[in-house]
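Student: Hey, can you walk me through this one? I'd like to start with charged pairs and then look at what's inside.

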Amino acid sequence: MEDQVELADDIGEGLRDRGFGADVAYDGASGIEKALLYDYDVVVLDRDLPHVHGDAVCAALVASHRNARILMLTAATLVDDRVHGLNLGADDYLTKPFAFEELVARVHALARRAPSAPPVVRHGDLVVDRARRSVSRAGHPISLTRKELGLLEELLAADGAVVSAEDLLERVWDEHADPFSRTVTVTMGRLRGKLGPPDVIETVFGSGYRLR
């Protein structure tokens with residue numbers, strides 16, 4: 001159990017260091033609870049979870065019809081074990097021990113396949129290529145940090161609806177983010193500056209942000 005907690009913490013911390021928003025659950029029951037509560041793009045699922053087995057968690061997530069892609073981790077090396085997990089609905093499999101760089105690459109690949117948004121999104125002269133993680137406006141490339149791009153993707157997904165700062169903090173960062181910080185405001189200011197005039201993002205005072 002101690003090894004599983006350490007592995008979960010290491011994966012969560014490593015993904016955050018790479019700019020991902022990552023929440024951690026240490027057992028199957030809390031994993032199901034979080035996965036049904038939040039809209040994740042990818043769930044990294046240890047098959048050898050305590051209390052509720054990873055296979056049961058996978059089956060529950062698939063049955064819930066959530067959009068999250070599932071990357072299953074396992075110590076099992078037999079082909080039949082991996083096939084069983086894939087038949088349950090897992091999208092990919094990674095055998096422990098693994099290289100963290102490979103896990104990151106697989107998470108990236110699954111995130112690009114997540115059906116929450118089309119691979120290329122256009123809004124006026126603004127173009128966001130989710131697969132290549134590139135942004136351009138009026139044909140000019142714009143370099144964004146992962147968090148700035150995350151904010152922009154959430155606003156594009158809302159399609160003109162207002163998204164609150166609280167929702168942006170939850171979706172782009174993770175459960176460890178300070179809800180009383182100015183993180184969203186500061187990052188949004190940098191994003192607007194990089195996108196340039198005319199301002200494509202509108203602040204709806206007391207409510208949040210939306211695309212014009």
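Tutor: A salt bridge here is a side-chain nitrogen of Lys or Arg within 4 Å of a carboxyl oxygen of Asp or Glu. Keep in mind that this is a predicted model: local features need pLDDT of at least 70, side-chain atom pairs count only at pLDDT 80 or more, and totals for chains, interfaces and linings use all residues. Residues are numbered from 1 along each chain as its sequence is written, and side-chain values use heavy atoms, leaving out hydrogens and water.

Student: Is Asp199 buried, exposed or partly exposed?

Tutor: Asp199 counts as partly exposed, at 32% relative accessibility. Buried means under 20% relative accessible area, exposed means over 50%, and partly exposed is in between (1.4 Å probe, protein chains only).

Student: How many salt bridges turn up in the whole structure?

Tutor: The search finds 12. Among them, Arg47 pairs with Asp55, their closest N and O atoms being 2.8 Å apart.

Student: And where do those two sit, buried or exposed?

Tutor: Arg47 is buried at 10% relative accessible area, and Asp55 is buried too, at 13%.

Student: Okay, new topic. Which residues of helix α2 are buried?

Tutor: In α2 (residues 28-37), they are Gly28, Gly31, Ile32 and Ala35. Helices are DSSP runs (H or I, at least four residues), strands are too (E, at least two), and both are numbered from the N terminus.

Student: Why are they on the same side of α2?

Tutor: Because they cover an arc of only 100° around the axis. The arc is that of the directions from the helix axis to the C-beta atoms.

Student: What's on the face turned away?

Tutor: That face of α2 carries the exposed residues Glu33 and Leu37. The buried residues of α2 pack against α3 (54-63).

Student: Which residues does Leu191 contact?

Tutor: Leaving aside neighbours within four places in sequence, Leu191 is in contact with Leu144, Glu148, Leu151, Leu152 and Ile201. Contact means heavy atoms within 4.5 Å.
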